[in-house]
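Open the model in your viewer and keep the sequence panel beside it. This tour goes from one selection to the next and says what is there each time.

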Amino acid sequence: MSSSEHLVEECRLREEMDQKIKEQKVAVDELSKLKKNRKVYVQQRNSNVFFLADRAQTLASCKQDLDNMKKELQDI
């Protein structure tokens, strides 16, 4: 792979990660603005099945995912 192809691939990966980070920020923002008595459902991976989840736990998980994505972006 030439250096220009490598740079194009790296740029594409950065753009994908930026998009995922933006989506995750929206999810965190939406969860943090929910009233405490609102129900939250989480989709099971690779499935169309949703399960009732704890709002605070889901918010913490989303924040952790966001932090991991930011670290991964810095490593690229």
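Begin with the buried residues of helix 1, which are Met17, Ile21, Gln24, Val28 and Leu31. Buried here means under 20% relative accessible area, exposed means over 50%, and partly exposed is in between, with a 1.4 Å probe and protein chains only. Helices (H or I, at least four residues) and strands (E, at least two) are DSSP runs, numbered from the N terminus.

Before going on, note that this is a predicted model, in which local features need pLDDT of at least 70 and side-chain atom pairs count only at pLDDT 80 or more, while totals for chains, interfaces and linings use all residues. Residues are numbered from 1 along each chain as its sequence is written, and side-chain values use heavy atoms, with hydrogens and water left out.

**Stop 1: the whole of helix 1**

Select residues 3-33, which make up helix 1. This helix has 31 residues and reaches 45 Å from its first C-alpha to its last, close to the 45 Å expected at 1.5 Å a residue. The expected span is 1.5 Å times one less than the number of residues.

What covers the buried residues of helix 1? The cover includes strand 1 and helix 2 (55-75).

**Stop 2: Gln24**

Now pick Gln24, which lies in helix 1. Is Gln24 buried or exposed? Gln24 counts as buried because its relative accessible area is 12%. Setting aside neighbours within four places in sequence, Gln24 is in contact with Cys62, Asp65, Leu66 and Met69. Contact means heavy atoms within 4.5 Å.

**Stop 3**

A salt bridge is a side-chain nitrogen of Lys or Arg within 4 Å of a carboxyl oxygen of Asp or Glu. How many salt bridges are there by this rule? The count is three.

Select Glu9, Arg12 and Glu16, which are linked in a network of salt bridges. Between Glu9 and Arg12, the closest N and O atoms are 2.5 Å apart. Between Arg12 and Glu16, the N to O distance is 2.3 Å. Glu9 and Arg12 are three residues apart in helix 1, and Arg12 and Glu16 are four residues apart there; each spacing is about one turn of the helix. An α-helix has 3.6 residues a turn, so residues three or four places apart point the same way.

Colour the three by accessibility. Glu9 is partly exposed at 30%, Arg12 is partly exposed at 35%, and Glu16 is partly exposed at 36%.

Next, move to Asp29 and Lys33, which form a salt bridge with the closest N and O atoms 3.3 Å apart. Both lie in helix 1, four residues apart. Asp29 is partly exposed at 35% relative accessibility, whereas Lys33 is exposed at 62%.

**Stop 4: the hairpin**

Select strand 1 (40-43) and strand 2 (residues 50-53). The two run antiparallel and are joined by four bridges. Two strands pair if DSSP finds at least two bridges between them. Within the pair, Gln43 stands opposite Phe50 in strand 2. Strand 1 and strand 2 form a hairpin with six residues between them.

Go to the loop between the strands and pick Asn46. What is the phi of Asn46? Phi is positive, about 55 degrees, although Asn46 is not a glycine. Asn46 counts as exposed because its relative accessible area is 86%.

Val49 is in this loop too. Val49 is partly exposed, with a relative accessible area of 38%. Apart from neighbours within four places in sequence, Val49 is in contact with Val42, Gln43 and Gln44.

**Stop 5: a nonpolar patch**

Finish with Tyr41, Phe50 and Leu52, which form a nonpolar patch on the surface with about 350 Å² of accessible area together. Patches are made of residues with over 30% relative accessible area and no salt bridge; like charges are joined within 9 Å and nonpolar side chains (Val, Leu, Ile, Met, Phe, Trp, Tyr) within 5 Å. Accessible areas come from the Shrake-Rupley method with a 1.4 Å probe, and for residues only the protein chains shown count as cover. Leu52 is in strand 2 and counts as exposed at 55% relative accessibility.
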